[in-house]
Amino acid sequence: MAFICSLILVFHDLLTKDNIYIIKVIESNIIFISVLFIVGWFTGRITGIEAQHRKSLNKSLLSLQKEIHLRNIAEEEMRKLTRAVELSPSIMIITDLSGNIEYVNSKFKQITGFTSVEIFNKNIADPLVNHNMDYSRIWETVKSGNEWSGELFSKKKNGEIYIEYVSMIPFKDNEGVITHFLRASENITERKQMEKEIARLDKLNLVGEMAAGIGHEIRNPMTTVRGFLQLLASKEECVKYKEYYDLMIEELDRANSIITEYLSLAKNKPVSLRMVNLNSILATIFPLIQADVLKRNNDVKMEIKDVPDLILDENEIRQLILNLVRNSLEAMPLGGNLTIKTFQDKDFVVLEVQDEGSGIPLELLDKIGTPFFTTKDEGTGLGLAVCFSIAARHNASIEVNTDSSGTVFSVKFCCHPTPKLLLKEKNN
């Protein structure tokens, strides 16, 4: 541009002035021409620098856009990970190096009843949430950088104890230094209870199968002995020994009743199922219940509500009710009240037998219904075991609630029969 402007200036003077040479024109305008070239050089330099800066700026903008894109991807991944942890079916707790809680997910709050504010900064070994005596062994393992897994007892906000399968995992940074600990766990309380129930039912079935195998062989000679004892007791020359004969017959009958209880434990015991109402069964056996109650100088109260018919074996349910009633009566002092209830709770018909005894010690509660377990001097330990076996054959469950004011046995029958029960009823 400086060169073009200089040419225009020179040609203009040559054309407008007479008798002037090009040298003279250049000499007269040399300063202006020099200024033009200096300005042109300076402008070119500035333009070059600006172009270089623009190129560098565009490169920086592209790098920044790439960085923003990568950061958005990372933030989205973090949001997904956070959401996954928050919605996880497992209990998640993150602690600092001292075991102080920094984060809990929704599952923890749902199971324990604690809020984030209530639990924040509490130590994971605090008795508020922990029911285990010693956490030191676990901390020694995880602080050394290793994982630890095992079952622990934990405590809810309401004081209830539940069982967890816990994995303690150390968090490490890029340099391998531990910064936090993750405690991931699963509530296995129901599973443990189910395992206990299955083990208890297996014991019942084993005893029942053994009884079914030898019961017939034992009963036949017992029946023969009983018959001859009755025959001898009726003879005139044996009248003076009648007391002894009656005692022997009574003991044979007692042994026979024990065999009957054993046979009631059999898993595959034949049942006669039909549609029947629980209230009608109670009405039928109420005189027997009343007789047992009066014999022990107790009182009985019936709280009966309308319930739907169920597919039941009436004889077995009678035995279940009488066993529960007699067990409750034996747990009560003289003058106590026995309460029998029936009602519907959503999809279940519930039979409750409540006593006013001193309750069952917590250390014995898990053994209730186990064959041969009894706290009575003359008990066989089969009465409640038979009840649990009968309930299992009817796809029902038995729950026990106890305290110092008494014990409640609740038998829950499903209102909607299972296909297995329907098939049994059809076959019958």
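A residue counts as buried when its relative accessible area is under 20%, and as exposed when that area is over 50%. The views below show a predicted model.

**View 1. Glu314, a buried residue in helix H10.** Glu314 has a relative accessible area of 16%. That value is under the 20% limit, so Glu314 is classed as buried. The residue belongs to helix H10, which covers residues 314-331. Its side chain makes a polar contact with the side chain of Arg274, at 2.3 Å. Leaving out residues up to four places away in sequence, Glu314 touches Ser272, Arg274, Val276 and Ile281.

**View 2. The largest nonpolar core.** This core has 38 residues. Six of them touch the most other members: Ile289, Leu320, Ile321, Leu338, Leu351 and Phe413. Helices H9 (278-295), H10 and H12 (383-393) each give two or more residues to the core. So do strands E8 (310-313), E9 (337-345), E10 (348-354) and E12 (406-414). Helix H10 supplies the largest share, seven residues.

**View 3. Leu351 and its contacts.** Leu351 is one of the core residues that touch the most other members. Neighbours within four places in sequence are left aside here. Leu351 is in contact with Leu278, Leu282, Leu320 and Ile321, among others. Its contacts also include Ile340, Lys341 and Thr342. Phe409, Ser410, Val411 and Phe413 are in contact with Leu351 too. Another core lies apart from the largest one. That other core has 21 residues, among them Phe108, Ile119, Ile124 and Ile178.

**View 4. The cavity and its lining.** The structure holds one cavity of 30 Å³ or more. The largest cavity contains about 70 Å³ of space. Its lining is formed by Ile93, Phe108, Ile124, Val129, Asn130, Tyr135, Ser154, Tyr162, Glu164 and Arg183. By class, six lining residues are nonpolar, two are polar and two are charged.

**View 5. Glu190, an exposed residue in helix H7.** Glu190 lies in helix H7, which covers residues 189-234. Its relative accessible area is 65%. That value is over 50%, so Glu190 is classed as exposed. Glu190 and Ile163 are 27 residues apart along the chain. Their C-alpha atoms are separated by 8.7 Å.

Notes:
Residues numbered from 1 in each chain as written. Predicted model: local features only at pLDDT ≥ 70, side-chain atom pairs only at ≥ 80, totals over all residues. Heavy atoms only, no water. 1 Å grid on protein atoms, 1.4 Å probe; cavity = no way out; pocket = protein on both sides within 12 Å on 5 of 7 lines; lining within 4 Å. Points joined across faces, edges and corners; volume = space filled by probe spheres on them. Nonpolar A, V, L, I, M, F, W, Y, C, P; charged D, E, K, R; others polar. Helix = DSSP H or I, 4+ residues; strand = E, 2+ residues; numbered from the N terminus. Buried < 20%, exposed > 50% of the residue type's maximum accessible area, 1.4 Å probe, protein only. Polar contact = N/O pair within 3.5 Å; in protein donor to acceptor, adjacent residues only side chain to side chain. Contact = heavy atoms within 4.5 Å. Core = buried A, V, L, I, M, F, W, Y, C linked by side-chain atoms within 4.5 Å.
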